[in-house]
Amino acid sequence: MNLLILNGLVVDPANRICKKADILVENGKIVKIGKIQNAKCQMPNAKVIDAKNKIVTPGLIDIHTHLREPGHSDEETIASGTRAAASGGFTTIFAMPNTHPPIDSVTGVKFVLMTAMHEGIVNVLPVGAITKGQKGEELAEIGKMKNAGIVAISDDGKPVMNANIMRKALEYSKMFDLPVISHCEDTNLTKDGEMNEGYISTVLGLKGIPRQAEEIIVARDIALCELTDGRLHIAHISTAKSVELVRDAKKRGVKITAEVTPHHLSLTDKEIKNRNYDTNLKVNPPLRTEDDVKALLHGLADDTIDCIASDHAPHLAEEKQQEFKIAPSGIIGLETTLPLVITKLVHKKVLTLSQAIEKLTFNPAKIFNLNCGSLSIGSAADITIIDLNKTKTIDKFESKSKNSPFIGMKLIGFAITTIVGGKIVKENGKIISD
Amino acid sequence: MKLNHKDLLGLEYLSKKEIELILKTAKPFKQLFTRTVKKVPTLRGKTVVLLFYEPSTRTRTSFELAAKRLSADTVNIAISTSSVVKGESLIDTAKTIEAMKADFVVIRHSMSGAAHIIAKTISASIINAGDGMHEHPTQGLLDIFTILEKKDRIKGLNIAIVGDILHSRVARSNIWGLNKLGANVFVVAPATLIPAEIYKMNVEVHYDISKIIHKLDVINILRIQKERQEQHLFPTLEEYSEIFGVNSEKLLNAKKDILIMHPGPMNRGIEISTEVADSKKSVITEQVTNGIAVRMAVLYLLADTDGGECESFNS
Ligand SMILES: [Zn+2]
Ligand SMILES: [Zn+2]
């Protein structure tokens, strides 16, 4: 089907476009952007989407999604996860490899790609494990996985604690131009940790996780990146000092990039006290303090932090409804990322709309060499249409899990239409799956 | 006056006035202990469930006696006999107890926030009998009651809590309660057992009790868990005893009327010397007696907030 998207405000940071324009999509590709005269007469068979007073952007990209398949399809599947993604305005998502078993071989990569092709409704790009079984001991078959389609490597969920293995990973992956996504956590310092270490953890009697547990590994990995001239991407950066470390490294020309989650930008450890040990606030790295949030916002604004990523981590309700200590870490994020970005960053003028979209489209595409993230003529028509003024109280999800601390929160700015390769997968707030 | 809460989860959540009310109410209950019939009919027909995920004969017995002296029925659910071992969640256990129509649930649990979970889930009054490293409010109240009994005031007293502050719910409840009543609170411990930013709780942090001993009115000595040594929080028990243990030698410069307290059970010869534990300065056994009175007061006052028909009690 051909599409005509009329009268939207087109925001495409990759091509430095921010203007009112129409978009013509033919055979799944973008063929024209600009004023299209008598469009309906020219294209009588095209479906017309009126985007008046709406924002039209490249399809959003989430570089940090946990889909839980294989292994935990009770929490999420590639089918349900991609629906959640489409609902949140994402047309491309990464599948993090810490599944059961972990994606550490060609077989695993092919499983994700095949399942996504048959059951997914947005593009799924697998991330391969750095080490076999994510055990941190031996390199996985990174080259073979690259040939099978991975876009990065990561042992996310845990760090590569052995510095020598991390060094080899940065060296080896360099040959394939694959970024190494680092989950920065010194597990000797975080053992049994439940939340950020500070006054609140003391009062609540929860085991603290010091900021330094993250910063030590950020500093270590930057040093290793300099040693190897590899490509390092820091996942879910959460402390002021980590931001500083990345900023300094970038100034020195180290090939390092970083992402931040919407929850680390909008919540602090105080909320755990305000909400009486609500385990939907238990995340890893933990929610930090106001000073850290300020530094993260500043880091986003000055481009020290390149991307915003959901770290969508579904968990069953019965797992979360436990004592804080034994509840698993992580929250779902695909469906709240965009409204949080618009509400907390764009409407509050931390970022311009164009900057915010850049961190959700062009920057991730650039870092991971993806052929998406722009509205360039000839590219696949991955498009998200956003209503900046739509308000909604977060309640229902397409995700199989509901572990969100944002339930009940009123947010403004939602994706209303999501188009993947010219196919509408979400329209007027509804998922269209075939 | 009443308590403004369904539950007693911690002293952090009580006002100064509410704490004073509990302490005042405990007084006549204590006098009752000298009578031959140590029972009043106040909570007749009410059920108190004692839900203990962590064994504690001392605290459980104290609550059980308090409930029985108020004529309530008690039910013990201990971890060994409970379905927890079969993997039942705390929320499911709470719902089962709700179905049994309990009026009070006294919960002891090894994880912080457990009492909050159960309080959110069911309508019975929840009394936190110790949750992880968070709070142990009735212990805090009985400590304060004991100090008040001996010193006639709390305001202006210099009170040191000595020992494993990091893992201690007793320390946290004491700090909240004592500060609200105007004491100057000191914490003394090895640096590895001092939690982050505790100074923000309005306490002075010290590593050497000798430096402040001369001005102290009360020393509350906490039990040291032997497994902390395995966690490398201090090198040996011998070293702990020598540097942080309270003994007569360290008390040489103390005020004559200094009070020595300990929530028990004691490791004699480690955090406290036998000489100090058994000295005239020690009020450790009175703490146990006072514990029952304070717990009776808590049950009595929480029952009242229920709007339950609770007879007024005259001493
Ligand atoms: Zn991670
Ligand atoms: Zn993750």
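This is a predicted model: local features need pLDDT of at least 70, side-chain atom pairs count only at pLDDT 80 or more; totals for chains, interfaces and linings use all residues.
The protein donors are A:His64 and A:His66, each through NE2, together with A:Asp156 and A:Asp311, each through OD. These donors lie 2.1 to 2.4 Å from the zinc ion (ligand 2). Along the sequence, the donor residues follow the spacing H-x1-H-x89-D-x154-D.

A:Asp156 belongs to the loop between β9 (153-154) and α5 (163-174) of chain A, while A:Asp311 belongs to the loop between β15 (307-308) and α13 (317-320) of chain A, so the pair ties together parts that are 155 residues apart in sequence. Both aspartates fall under the 20% limit for buried residues: A:Asp156 has a relative accessible area of 2%, and A:Asp311 has a relative accessibility of 9%.

Chain A also meets chain B. The contact involves 18 residues from chain A and 22 residues from chain B. About 1700 Å² is buried between chain A and chain B, with carbon and sulfur atoms giving 61% of this area. Of the area that chain A buries against chain B, 36% comes from A:Tyr199, A:Thr202 and A:Glu323, more than from any other three residues. Polar contacts between chain A and chain B number nine residue pairs. One salt bridge is found across the interface; B:Glu12 forms a salt bridge with A:Lys273, in which the closest N and O atoms are 2.4 Å apart. Helix α7 (residues 199-204) of chain A contributes four residues to the side of chain A that touches chain B, the most of any element there.

A:Met195 lies in strand β11 (residues 195-196) of chain A. With a relative accessibility of 0%, A:Met195 counts as buried. Beyond its neighbours within four places in sequence, A:Met195 is in contact with residues including A:Ile200, A:Ser201 and A:Leu204. Among its other contacts are A:Asp269, A:Ile272 and A:Pro286. By contrast, A:Met195 and A:Asp177 are 18 residues apart in sequence, yet their C-alpha atoms are 35 Å apart in space.

Conventions: Residues are numbered from 1 along each chain as its sequence is written. Chains are lettered from A and ligands numbered from 1 in the order in which they are written. Side-chain values use heavy atoms; hydrogens and water are left out. Donors are N, O and S atoms within 2.8 Å of the metal (3.2 Å for Na, K and Ca); water is not among the atoms, so sites may look incomplete. Helices (H or I, at least four residues) and strands (E, at least two) are DSSP runs, numbered from the N terminus. Buried means under 20% relative accessible area, exposed over 50%, partly exposed in between (1.4 Å probe, protein chains only). Contact means heavy atoms within 4.5 Å. Buried area is the accessible area (1.4 Å probe) that two parts lose on being put together, summed over both. A salt bridge is a side-chain nitrogen of Lys or Arg within 4 Å of a carboxyl oxygen of Asp or Glu. A polar contact is a pair of N or O atoms within 3.5 Å; within protein, one must be able to donate a hydrogen and the other to accept it, and residues adjacent in sequence count only if both atoms are side-chain atoms.
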